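Me: I would like to go through the side-chain packing in this model with you. Could we begin with contacts and then turn to the aromatic rings?

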Amino acid sequence: MTKLNSKIPVGPIEKQWDSHRFNLKLVNAANKRKYTIVIVGTGLAGSSAAASLAELGYNVLLVSYHESPRRAHSIAAQGGINAPKNYSNDGDSIYRLFYDTVKGGDYRARESNVYRLAQVSGNIIDQCVAQGVPFLASTEACWTIGPSGEHRCPERFTHADKRDSNCSLVPIPHSAGRWMRER
Amino acid sequence: MDAGKVKFFPRREMLDLVVADGQARGIVARNMVTGALETYQGHAVVLATGGYGNTWYLSTMAKASNATAVWRAYKRGACFGNPCFAQIHPTCIPQSGAYQSKLTLMSESLRNDGRIWVPKKKGDTRPPQDIPENERDYYLERLYPSFGNLVPRDVASRRAKEMCDNGYGVGPTKLAVYLDFGDAIKRNGRHWIEEKYGNLFDMYHEITNEDPYRLPMRIYPAIHYTMGGLWVDYNLMSNVPGLYVIGEANFSDHGANRLGASALMQGLADGYFILPYTIGDYLATETFQSLKETDEPFQRTTKDVTERIGRLLSVRGKTPADDFHRELGKVMWDNVGMGRNKKGLEAALKEIPKIRNAFWKDVKVVGTADSLNSELERAGRVADFLELSELIARDALHRQESCGGHFRVESQTEEGEAKRDDRNFTYVAAWEYAGDGKVPKLHKEPLKFDYVKPSQRSYK
């Protein structure tokens, strides 16, 4: 008999992910190489997971029906990424992104998951830059801030480039590529 | 830094999940070049296989995007969360004919500077430049003075459909509304628009042979994203131990409607910052039996896949898989699309099994299993869409409320906005496979709102 347990942590929402992470068991660094993880799909989610897990020392088998991760659908996304950076001092914050996302989803998503998403989202751009991932196909383009359309805060939307480009996030699978050996 | 920690296997399509001793331990995939079935074994499996928008046949997704990986996992015991929550994007280039195989999205950002309108007069056939300002209805600005053209996708899509249904649609098919940059060009100059949206304007021009610098674009809503997906817990693990689901493939963060610029955000958050922590906890606490690819669980699953492929090839019918898919898409779009009602959903639940039965009696799959065979790939995917679609319709029928992208005509406010029923439906619907031909079991995960108090979404 299947019983679903969402495992949502207790405590104030701002602290849940931190305390949850603290309570998670860790795999000894030397033992990570004994584990293999099969990842199916090489869009942004699969590629970023492959790069991160490989960086930690796990063995990753990455399977894709494309001939190259560059063909993935999310790689061709025209839009951008939300990040509550508040560089322009217009009152954006993690809480506001959280609030907008729960409301925008018409109150049918888990608050804890959405809060965590808003919390970590600010790091995505930084992570990409740190990994040497240039946004857009050209290397001079990094990112700019644009209006966010339907969100309350007009300056949240982080574009890949001032042109709303068709190839905004092309290089992300390349970050997986740095750990990758083709079979 | 080629540490070789990632081994990449391109051109392999996952066709089944291997569960051993209750744990997800690997997959069976078909080498799409040689046709050989291969197994991949690990201590955990992560699905990052995207959404199932192509169930509706026409969508903004790539033609090859499919639901097979998540559907196979569902049939191995993973629950499917909120399958009826699909997003219909308001700014796509309208369909031009029955044999079109996909739709093209025009980025949402266009709504920042474009104004959406239809003629005030029904059935107005004048070209847009001949319709004077005071005979245009900028309906989003009229209905939602504070958000105007930037209302969320579900609202913008539904209003566009409503305008067309009521006879105000434009263009040859009358299933389109205008997205007009005339004012923005007057205000900021053509150069400014070129800088900002030049490539999108070029793309539109190429596809429609109309110059959007001179004439307004024509747009119409299309299926774009699926908020539903495999159910996962806070650790992004499904109810099958060791099976993780990330990105669009899971159901987790967007509720009944996703906001713009948050799909990439969620996919990368899952992959970069969440999964690497949570998967370690599982690996550190579980014990694993040593398993070889020649062992029974892998052999048994490979046999299942072989049989299924054999079934597809042995039908030897006359109708290509795509025809069944197109037929399914019409039922889905008409009955399980933007406006859903009990009668239409019940009709879909009758219609879908009929199409599925016809498929298994008459599908034509040329070629063999042991070679490159795109017809076989397609037939396998369509067979899965023909099952998943039924679950989507069932979920939509059971959720007798409107919320986000799920609009039940029976449940709307006086102004025609989605009306939730929080008392009865504040839960995640997670469906569990119960066997072919059996009604799946519904689990309800109650949702609690301690911080953001549910209210009627208003964008006026």
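This is a predicted model: local features need pLDDT of at least 70, side-chain atom pairs count only at pLDDT 80 or more; totals for chains, interfaces and linings use all residues.

Me: Which residues have the most contacts inside the largest nonpolar core?
Reply: They are B:Leu47 and B:Phe359, in a core of 173 residues. Helix α10 of chain B, residues 374-398, gives the most to this core, with twelve residues. In soluble globular proteins, nonpolar side chains tend to be buried together.

Me: On to the rings. How many aromatic pairs are there over all chains?
Reply: The search of the whole structure finds 24. In one of them, the rings of A:Trp17 and B:Tyr234 have centres 6.0 Å apart and planes at 75°. That angle is over 60 degrees, so the pair is edge-to-face.

Me: Where do A:Trp17 and B:Tyr234 lie?
Reply: A:Trp17 is in helix α1 of chain A (residues 13-23), while B:Tyr234 is in the loop between β12 (229-230) and β13 (243-245) of chain B, so the pair joins two chains.

Me: Is A:Trp17 buried or exposed? And B:Tyr234, buried or exposed?
Reply: A:Trp17 is buried, at 3% relative accessible area. B:Tyr234 is buried as well, at 0%.

Me: What about A:Tyr95 and A:Phe98: how are their rings placed?
Reply: Their centres are 5.3 Å apart and their planes stand at 70°, so this pair is edge-to-face. A:Tyr95 and A:Phe98 are three residues apart in helix α3 of chain A (residues 94-104), and therefore separated by about one helical turn. A:Tyr95 is partly exposed, with a relative accessible area of 35%, whereas A:Phe98 is buried at 0%.

Me: Which residues do ring pairs link into a cluster?
Reply: The cluster consists of B:Tyr52, B:Trp71, B:Tyr74, B:Phe80 and B:Tyr433.

Me: And charges over rings: where does the charged end of B:Arg115 sit?
Reply: It sits over the ring of B:Tyr138, 3.8 Å from the ring centre. B:Arg258 lies over the face of B:Tyr225, at 4.1 Å from the ring centre.

Me: Changing topic, how many helices and strands has chain A?
Reply: Chain A has five helices and six strands. Along the sequence, their pattern is α-β-α-β-β-α-α-β-β-α-β. Of its 183 residues, 59% count as buried.

Note on methods:
Residues are numbered from 1 along each chain as its sequence is written. Chains are lettered from A and ligands numbered from 1 in the order in which they are written. Side-chain values use heavy atoms; hydrogens and water are left out. Rings of Phe, Tyr and Trp (its six-membered ring) pair if their centres lie within 6.5 Å; planes under 30 degrees apart count as stacked, over 60 as edge-to-face and the rest as tilted. Helices (H or I, at least four residues) and strands (E, at least two) are DSSP runs, numbered from the N terminus. Buried means under 20% relative accessible area, exposed over 50%, partly exposed in between (1.4 Å probe, protein chains only). A charge sits over a ring if NZ of Lys or CZ of Arg is within 6 Å of the ring centre and within 35 degrees of the ring normal. A nonpolar core is a set of buried Ala, Val, Leu, Ile, Met, Phe, Trp, Tyr and Cys residues joined through side-chain atoms within 4.5 Å.
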